[in-house]
Amino acid sequence: MSIERAINKTESRQKRKKFIKAIKKLPDKRDTRGKRHTLHFLITAVVLGLMSNRSKVSELHRYISNKIKWLRKITGEKDAMPISRAHLPRMLAQLNWDDLNVLIYDCFDAHIMLSVDNEWIAVDGKTLRGTLKSCEKQAVVHAVSHDSRIDVAQARQVGEKSSEITVVRDFLKDTGLEKKKITLDAHHCNPETTAQIAQSKGSYVVQVKENQPILLAQCQEVAQNASLMIAQNQTVDPGHGRITTRQAQLFSMASTSLDTRWQKSAINTLIVVHRETFNTHTEKTTTDTSYYISNQMVSSAKQGSELADTIRKHWGVESNNWILDVTFNEDNVLVKNGNQAQIMAKLRCFSANLLRWSGAKNFQQKIEEFVDLPETLISTLKQVNFL
């Protein structure tokens, strides 16, 4: 499903079909014999449960059973029945992740595009630890806007032999994000990945570490040449019991002789970040130095500040992962079926996006409000065109 497809759409949000109506057209490949529960009731009920502080399957089952009369009213399913504890995970496992992904994107692409156009996007994978079994590794690759923190797209990584590196390359191509401005961690400092973005006229910033020893050594050598420095800046961030001072120095790599395999990556700039962190509780100071490369050219102090700020904001994707783990309890949700784990991860991410689109700042506080005042959950979901 290409993110580019939404750029030329002119349909206004007001004319869009509400998600709860659009979901009724989700393909249902189940045998019609003995079918007791509709997919749109299941998905709506699970999202409402997730946004009401229920995370595990048993909790969601009890939520649906306890709130069945209320859920009938909300969904318009007057004959909906509580789903059994055994049947709920089976239904989740039978959902098609790709179909659900396309449906969510089609209904909310107006929100998503606001977070993609001209913004930097952080791409990173997150392992679903509650499903880790031998040869059954499950992970989700997230693309998160630096500024809005909206999770603009996701991809699946399935199987112990699968590689996040190749999954990300396919993900960037399939979504059109390879033409945007992307930040990546050192795991993706790979000439095929960087060349893919550069050749697609996109921009990248990626960390360089020991997994690319020759390139790292060259970056360290360039950083010692003061004549190649083109910009620098410094920021001080106090908070959470720490005071972090970051000094970013930007160097030109245009004249650096790199290995042939890096030629198509169009590496133009090296960003060296020196961090000094003072812990106000222990009164201890730690320091570290990191190296990043980019195909963006820097010709002004403003551009240099943007690249340095981009490195700091990349780790906002970790903030989203923290919300999934702590607020939505993702790491502690144990499931036996891999597709069920992926579907639940998709619905958690969707729930978090709904909260962001509604303007919520403190997710835990908002969820507690939904628990105490269910009518505010309904008004919030109407606000974002879910209901």
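Visitor: By about what are E369 and K366 separated in helix α13?

Guide: By about one helical turn, because the two residues stand three apart in helix α13 (residues 363–372). Helices here are DSSP runs of H or I with at least four residues, strands are E runs with at least two, and both are numbered from the N terminus. The model is predicted, so local features need pLDDT of at least 70 and side-chain atom pairs count only at 80 or more, while totals for chains, interfaces and linings use all residues. Residues are numbered from 1 along each chain as its sequence is written, and side-chain values use heavy atoms, with hydrogens and water left out.

Visitor: What joins the side chains of E369 and K366?

Guide: A salt bridge, at 3.6 Å from N to O. The term means a side-chain nitrogen of Lys or Arg within 4 Å of a carboxyl oxygen of Asp or Glu. E369 is partly exposed at 28% relative accessible area, and K366 is partly exposed at 22%. The cut-offs are under 20% for buried, over 50% for exposed and partly exposed in between, with a 1.4 Å probe and protein chains only.

Visitor: How many salt bridges does the rule give?

Guide: The count is 16. One of them pairs K126 with D325 at 2.8 Å, N to O. This pair links distant parts of the chain, strand β1 (residues 120–127) and helix α11 (residues 316–327), 199 residues apart.

Visitor: Which residue forms a salt bridge with K126 at 2.7 Å?

Guide: E330 does, taking the closest N and O atoms. K126 is in strand β1 and E330 in the loop between α11 and α12 (338–357), so this pair ties together parts 204 residues apart in sequence. K126 is buried at 7%, as is E330 at 4%, whereas D325 is partly exposed at 21%. A network of salt bridges links K126, R129, D325, E330, D331 and R348.

Visitor: Is L184 buried or exposed?

Guide: Buried, with a relative accessible area of 3%. L184 lies in strand β4. Among the residues it touches, beyond four places in sequence, are V123, V168, T193, I197 and H314; contact means heavy atoms within 4.5 Å. L184 and D124 are 60 residues apart in sequence, yet their C-alpha atoms are 6.8 Å apart.

Visitor: How many residues of helix α8 are buried?

Guide: Seven of nine, in a helix that runs over residues 191–199. The buried ones are P191, T193, T194, A195, Q196, I197 and A198. These residues pack against α7 (164–175), β4 (181–184) and β5 (203–208).
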